[in-house]
Amino acid sequence: MLEHIELFFKSIFIDNMVFAVFLGMCSYLAVSKKVATAVGLGAAVIFVLAVTVPLNWLLDQYLLRDGALVWLGPEYADYNLSFLSFILFIATIATMVQLVEIVVEKFSPSLYNSLGIFLPLIAVNCAILGGSLFMQARDIQTLGLALNYGVSSGIGWFLAILAIAAIREKIRYSNVPAPLRGLGITFIITGLMGIGFQSFGGMLTGGGEEAPAPVEETTAEKVIEKKEIKEEIDSKDVSYNDAINK
Amino acid sequence: MALLTKKDASLITDPLADNNPITIQVLGICSALAITAELKASIVMAIAVMFVLGAGNVVISLMRNIIPSKIRIIVQLIVVATLVIVVDQVLKAFAYELSKTLSVFVGLIITNCIIMGRFEAFALANGPWRSFLDGIGNSLGYGVILIIVGFFRELLGSGTLLGYKVLGDPIAKTGLYATGYENNGFMIIPPAALIVVGIIIWVQRSRNPALVEDN
């Protein structure tokens, strides 16, 4: 339970997809001119991440990592197919994005029209592939944690694009030096926001200590606020884990 | 017959300045920002992208008449993923330490929008030789920005270039450090990259007002 909470806040604030590792910058810059489209794309990113990260976790666990094929029999225990992960991960992502596109078009044509070209472009949003690759690189242990990681890093991305879209709507009325208008000022604002997000770094360690201390009292209040969301995720975890055990 | 006609040469020179993939086309930002804390990583990344984009552009251009347009994104992703696996394995074999520094960002070349952007905008409509030049030109333009950002971040942040102490020794207080200079730790943290790129854009657009956007 504690590790879920820790991962949740860590992925949203400390390892924020946009401000800490710069993933998905292209669509972040291209789609953040209006709050409404930013919200649509952000929601789609959360959904695709929540689906693809656990799926790719299963692929990694039972197909790709060193010795993962042992369930086929002892003679397969030496295989290490991890060099194939890029191609399998991107195939999963492209398939899921195609699926999402079909489902959205069928059930909510209005949302489909408002997202337009950006929906297929999610496939080449590096935040999505980055989510799966970081899941692999950081050695996330259970399917529940992988789901948590997908959802929470999606929320982090959503938060970032929402914030910059709101700022860009306001900055249109201010007197920015001409050569900085548009792209330049957006870069600098993102940099300043990134510096702000750096201060979250002390949130789980208690301000610079190396060993990750238990969640601090100061963050406990925020934790309670988010508890409802967490419980929802956890109930999903249980069902996922059960499915695997069977 | 010259190897490069004037029109072909512009394919290489345009992306270096007025049609730069990073500062003008806004493609491939993620890696430009994330791995530029050291000059060495920037250079290796630029070379990797040059290989993938050059070879990928040629492959896509050769196949452009037989790819059904509905599944072209998946075909493109497969081509890029294959090339990136080659790069990743070569790096792991010959520069293991560096491949650890670059971590997932080699894999993220697959989703680097420069690659898909050039496939869509150029290779699907042009012959192999022109596509190859376009790929080289754009990855050079990308590499130039990466190297400028990496140069300033490493020089001002750690006082080194490619690992050599060019400003003197910060602990023994030699060279520039004897005058009271300190390394600027701000340049090491990720957000500094955004601000450096922002300044590059500022300089570039001040020199060429035709590029200025209207908010």
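## A walk through the helices and rings

B:Leu156 is found in helix H7 of chain B, which covers residues 128-158 (helices are DSSP runs of H or I with at least four residues, strands are runs of E with at least two, and both are numbered from the N terminus). The model is a predicted one, in which local features need pLDDT of at least 70 and side-chain atom pairs count only at pLDDT 80 or more, while totals for chains, interfaces and linings use all residues. Residues are numbered from 1 along each chain as its sequence is written, chains are lettered from A and ligands numbered from 1 in the order in which they are written, and side-chain values use heavy atoms, with hydrogens and water left out.

With a relative accessible area of 32%, B:Leu156 is partly exposed, where buried means under 20% relative accessible area, exposed means over 50%, and partly exposed lies in between, with a 1.4 Å probe and protein chains only. Helix H7 of chain B also holds B:Trp129 and B:Phe132, which are three residues apart, about one turn of the helix. B:Trp129 is partly exposed at a relative accessible area of 40%, and B:Phe132 is likewise partly exposed at 31%.

Turning to aromatic rings, a search of the whole structure finds eight aromatic pairs over all chains (rings of Phe, Tyr and Trp, the last by its six-membered ring, pair if their centres lie within 6.5 Å, and planes under 30 degrees apart count as stacked, over 60 as edge-to-face and the rest as tilted). The rings of A:Phe8 and A:Phe9 have centres 5.5 Å apart and planes at 90°, so this pair is edge-to-face. The rings of B:Trp129 and B:Phe132, by contrast, have centres 6.0 Å apart and planes at 20°, so they are stacked.

Chain A as a whole has 11 helices and zero strands, and of its 246 residues 49% count as buried. Among its contacts between residues at least 6 apart in sequence, 76% join residues at least 24 apart, contact meaning heavy atoms within 4.5 Å.

One residue of chain A that can be followed in detail is A:Thr92, which is placed in helix H4, residues 85-107. A:Thr92 is buried, because its relative accessible area is 13%. Leaving aside neighbours within four places in sequence, A:Thr92 is in contact with A:Leu55, A:Asn56 and A:Leu59.
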